[in-house]
Amino acid sequence: MKKSIFFILSILLVSQVYSQTEFNKWSIELNGGFNKPMGPLTPGYFSPTLNIGHTDFGARYMFNEKFGLATTFGFGKFREAKGTTPFESSYFNFGVLGVMNWGRLLNLESLTRKFTLLSEGGFGMGGLDPQARVIQDFDTDYVYSFTGGIRALYSISPRVSLQGKINATVNGRQRFTFDGNEFNQDGRPFDPEIPYIHATGTWWAGTIGLNFYLGKAEQHADWYIASDKYATKDELNAAVTEIKDMLKDSDGDGIADYLDKEPNTPAGARVNQSGVTLDSDQDGTPDHLDKCPFLPGPSSTQGCPVEEIREQVDYLKKAITDNYVNVYFGFDSAKPLEFSISAANFVSNFLKKNPVVSLEIKGYADELGAEDYNIKLSERRAKAVYNILIASGIDSARLSFKGYGEDTSVDKSSPEGRQMARRVSFDIQ
């Protein structure tokens, strides 16, 4: 019984201490760096490999430590390469991107906990506004876009990380070249009656920036590692020590201190499942001192009715026969519960005082389980009490035992009722 309680308490206590796995989910970022329009460009126009002129900022929400969603807003200017035909085009881009944290997907924490990789991909919209354009009075060239990229993060502190990011973007319905000097469709002149064409443009941006983590938890999802929720050896030892202290039985009545409502029970006293001394007849004399524990009487006669002292044997016999004296068992167990072993001792004392009396020991089980199994279980319970009486000095010729299976005399709709059914009763012959 104690081992079962110990195991259950261990699970509950450790899970209570280490089940809180909250982590921060929100972050904001600010980045700046380079851009590069790959094409289309008007023949004779060139862009530098690394053009300083891109800025973006955004917010990110991680559903868990592996997956999330980000929004970004970027803007900047494309310019010509040194020594080539000059141009300048302003742009902006807004995107919604799905995010995957490869550091947690690939368990990179086995190598380092300071570095992780994130990939992202999604869609958005933007605009391109070249200063020099073949059609000068045309509005901003609005486009839709698809963006994919990768981020490398380095943890500076639980609240801040350094970020390097590369994103490639494909614009859809881009009507002009990035420099603005040519209509973006081969072999076809610009026609204002056609508001959009299905030509594309491709550009990329490389930036360095900072992530700022928001929230009350100690870690952000970028750096949260699920295995950290498990207890260390020292933490488990502390939890086990605490449970052992709870399971101490200071007064030796078979009830652990944390369940014992009477922690100073006298030695040898009969107690209930809460560790409280039994006084079955409520006469003020506890059962272990009461010579008539089931008949009320004054303490001057050791708990027996004054007029019935001479017939004490008959009353004790009645208490046994009417099932006031029972030995109880745990679920699916043939080992008597410690607090009820005193009932077997009571029967033993009665038999010793009445050497001509014989006794049948009757075992019962609750309704749970198959009928055949309950018959065998109830017989094992009866045999266990039979062995206790034999060990106490009672002649085996005076005893018999039998398993009766399921007890149909108790209320089986509650755990308490089923506990009452797991018992051994006695029948005086």
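# A chat about a barrel and its rings

Visitor: How much of the contact count comes from residues 24 or more positions apart?
Guide: Such residues account for 63% of the contacts in the protein with a separation of 6 or more. Contact means heavy atoms within 4.5 Å.

Visitor: What kind of model is this?
Guide: It is a predicted model, where local features need pLDDT of at least 70, side-chain atom pairs count only at pLDDT 80 or more, and totals for chains, interfaces and linings use all residues. Residues are numbered from 1 along each chain as its sequence is written, and side-chain values use heavy atoms, with hydrogens and water left out.

Visitor: How many helices and strands does the protein have?
Guide: Seven helices and twelve strands. Both are DSSP runs numbered from the N terminus: helices are H or I with at least four residues, strands are E with at least two.

Visitor: And how many of the residues are buried?
Guide: Of the 429 residues, 44% count as buried. Buried means under 20% relative accessible area, exposed means over 50%, and partly exposed is in between (1.4 Å probe, protein chains only).

Visitor: Which strands make the closed barrel?
Guide: Eight strands do, in the order β1-β2-β3-β4-β5-β6-β7-β8, with antiparallel pairing. Neighbouring strands of this sheet are turned by 25° against each other on average, direction ignored. Two strands pair if DSSP finds at least two bridges between them.

Visitor: How many bridges join β7 to β8?
Guide: 13 bridges join β7 (residues 160–172) to β8 (residues 200–214), and the two run antiparallel. Asn171 stands opposite Gly201 in β8.

Visitor: What sits in the loop between β7 and β8?
Guide: Arg173 has its place there. Arg173 is not a glycine, yet its phi is positive, about 60°. Its relative accessible area is 32%, so Arg173 is partly exposed.

Visitor: New topic. How many aromatic pairs are there?
Guide: A search of the whole structure finds 16. Trp26 and Tyr61 form a tilted one, 4.9 Å centre to centre with 55° between the planes. Trp26 is in β1 (residues 26–39) and Tyr61 in β2 (residues 51–62), 35 residues apart.

Visitor: What counts as a pair?
Guide: Rings of Phe, Tyr and Trp (its six-membered ring) pair if their centres lie within 6.5 Å; planes under 30 degrees apart count as stacked, over 60 as edge-to-face and the rest as tilted.

Visitor: How accessible is Trp26?
Guide: Trp26 has 46% relative accessibility, so it counts as partly exposed. Tyr61 is also partly exposed, at 25%.

Visitor: What about Phe57 and Phe73?
Guide: They form a tilted pair, 5.8 Å centre to centre and 50° between the planes. Phe57 lies in β2 and Phe73 in β3 (residues 67–79), so the pair ties together parts 16 residues apart in sequence.

Visitor: Which residues do ring pairs link into a cluster?
Guide: Phe57, Phe73, Phe75, Phe92 and Tyr142.

Visitor: Where is Asp279, and is it buried or exposed?
Guide: Asp279 is in the loop between α3 (233–246) and α4 (312–321). Its relative accessibility is 15%, so Asp279 counts as buried.

Visitor: What does Asp279 touch?
Guide: Gly284, Thr285, Pro286 and Asp287, not counting residues up to four places away in sequence.

Visitor: Last one. Which residues does a cis peptide bond join?
Guide: Gly39 and Pro40, with omega about 15°. Pro40 lies in the loop between β1 and β2.

Conventions: Axes are lines fitted to C-alpha atoms, for helices over the stretch in contact, and angles run from 0 to 180 degrees between N-to-C directions.
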